[in-house]
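Here is a short report on one protein model. Keep the sequence and the structure open while you read.

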Amino acid sequence: GYMSTKRRRGKREAPKKGVSPGKLVPSPHELSALRFTFKRGNAAVISIFALVLVGVFTKVLSDKINAAKALGERPRVNDTLLSSFPKTGSFWLRFLLSSVMREGEINFNNIETYVPDLEYGDNRKRFQRFEGTPPLRLFKSHQPYLPSDSEMVLGASEKGSFWWDKLPKCDEKIGGGMEETQCLCPNCPARWSAAVVVIRDARSTLCSYYNFQVALGNFEGGFGEFLRDREAGRYGYDYVQWLRSWLDSEEVRVVGASFPYEAIEGEAIEGETSVYLIRYEDLKSDPVGTVTELVDKFLVPGLAEEAGFEEKVVRAVEQNDFDSMKRKETRDGGGLLFRKTYPDAVNGGFAILNKGRGKEDAKKECWVEEEDVRYLFEEMGWGGVEKKLGYAS
């Protein structure tokens, strides 16, 4: 029932080439060959692992160094920031201004060349090399106005002992799902000497933003839940906090607006940011007049007096009306940032552009619960800024 431990007698077969006859262990020659093969295999594995490790470390270190360099980047004197909370109309304004300042069609691909979105990481990294549109450079941002950003430097931190642990982390100021560099300078409004701030009625803004986040797959609940959610329903700051970061800051000087507003006379002093307020509702009802005043009174004074300027603005509005931009979006496959950050949503039919929801549309679609309205006006504080911005209840 078992094999004897004694070697069975019988006719011995001729030994195979390279194998010692009568032995159950490899010959010295075989051992040497095996060792060589093993060492060579190990060396190859170790080399590949080392290369991968070096590559990862180099990438991480490079990102940290780029982030550190960003702390020292400052906009040029004639640079202007186009800032807005999501879904308030800055995307459209980028197209309008680019069409006025540039020749040729503005589409969903080259818009990142003419008015770069600083939250698209490649744009931030190219910031210092960007040539822009004479006689000014425009950049887009969704960041709130944080005075501390103007003096952001490497400093003490409880998060770690390495210098890169002392860098500001985006998740402290803004929602995730975007570039690591999105909240680093130059995407820090307090360093800019001029900014155009686009605003919109809170009811329309938050209803559009809710539908936008649902379409991206970032939220699955109802509107009331979204409104109160500290993660999905907010962009680091809720909309009213975002507005107040601009309107209430001592470092901001509002010098003009597309609506009656108590502007501050004179130019901004060093350390202040001159701001021109644009209401989306004004842009929609009178795009030609609103863009003309913005350019003439703030961006490039005197440009509107040049021959042919009015025709340029009229043509820009015609080339970038809703139907024209929808055709461009379909043809170009959407914006670069969304194709990179949300490929599944884009492939599933996500669209940047949708028919704008007016206040009445938003009331019917989103603001159906009285408790949500009360939360907006009292808890979020919309009641305190609504009249100041010319919005009636």
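Which residues of helix H11 (residues 322–332) are buried? They are Ser324, Met325, Lys328, Glu329 and Asp332. These residues span an arc of only 135° around the axis, which puts them on the same side of H11. Arg327 and Thr330 are exposed, on the face of H11 turned away from the buried side. The cover over the buried residues of H11 includes helix H2 (90–101), helix H10 (309–319) and helix H12 (336–341). Glycine 333 follows H11, and its phi is positive, near 80°.

**The chain as a whole**

The model is predicted. The protein chain holds 16 helices and five strands. It has 393 residues, of which 46% count as buried. Take the contacts between residues at least 6 apart in sequence: 69% of them join residues at least 24 apart.

**The strands**

Start with strand S2 (residues 137–141). Five of its five residues are buried. Which residues of S2 lie on one side, and which on the other? Arg137, Phe139 and Ser141 are on one side, while Leu138 and Lys140 are on the other. Both faces of S2 are covered. In a regular strand, side chains alternate between the two faces of the sheet.

Strand S3 (residues 194–199) is next. Six of its six residues are buried, so S3 is largely enclosed by the rest of the structure. One side carries Ala194, Val196 and Val198, and the other carries Ala195, Val197 and Ile199. Both faces of S3 are covered.

Now the pairing. Strand S1 (residues 79–84) runs parallel to S2, and five bridges join them. Leucine 82 has lysine 140 in S2 as its bridge partner. S1 also runs parallel to S3, joined by four bridges. Here serine 83 stands opposite valine 197 in S3. S3 in turn runs parallel to S5, with six bridges between them. Valine 197 has leucine 277 as its bridge partner in S5.

**Threonine 273**

Threonine 273 is part of strand S5 (residues 273–279). Is threonine 273 buried or exposed? Its relative accessibility is 0%, so threonine 273 counts as buried. Its side chain makes a polar contact of 3.0 Å with the side chain of tyrosine 145. Neighbours within four places in sequence aside, threonine 273 touches residues from several stretches of the chain, listed here. They are Tyr145, Pro189, Ala190, Trp192, Ser193, Ala194, Ala195, Glu251, Val252, Arg253 and Ala268.

**Aromatic pairs**

How many aromatic pairs does the structure hold? There are 24. Two of them are set out below. A pair of aromatic rings is described by the distance of the centres and the angle of the planes.

| Ring pair | Distance of centres | Angle of planes | Class |
|---|---|---|---|
| phenylalanine 85 and tyrosine 239 | 5.0 Å | 50° | tilted |
| phenylalanine 95 and phenylalanine 108 | 5.3 Å | 55° | tilted |

Take the pair of phenylalanine 85 and tyrosine 239. Phenylalanine 85 sits in the loop between S1 and H2, and tyrosine 239 in helix H7 (residues 239–247), so the pair ties together parts that are 154 residues apart in sequence. Phenylalanine 85 counts as buried, at 0% relative accessibility. Tyrosine 239 also counts as buried, at 0% relative accessibility.

Now the pair of phenylalanine 95 and phenylalanine 108. Phenylalanine 95 is in helix H2 and phenylalanine 108 in the loop between H2 and helix H3 (111–114), so this pair ties together parts that are 13 residues apart in sequence. Phenylalanine 95 is buried at 0% relative accessibility. Phenylalanine 108 is buried too, with a relative accessible area of 1%.

**Arginines over rings**

Which arginine lies over the face of tyrosine 375? Arginine 228 does, at 4.5 Å from the ring centre. Arginine 279 lies over the face of tyrosine 391, at 5.6 Å from the ring centre.

Notes: Residues numbered from 1 in each chain as written. Predicted model: local features only at pLDDT ≥ 70, side-chain atom pairs only at ≥ 80, totals over all residues. Heavy atoms only, no water. Buried < 20%, exposed > 50% of the residue type's maximum accessible area, 1.4 Å probe, protein only. Helix = DSSP H or I, 4+ residues; strand = E, 2+ residues; numbered from the N terminus. Arc of directions from axis to C-beta. Contact = heavy atoms within 4.5 Å. Pairing = 2+ DSSP bridges. Polar contact = N/O pair within 3.5 Å; in protein donor to acceptor, adjacent residues only side chain to side chain. Phe/Tyr/Trp six-rings, centres within 6.5 Å; stacked < 30°, edge-to-face > 60°. Lys NZ or Arg CZ within 6 Å of the ring centre and 35° of its normal.
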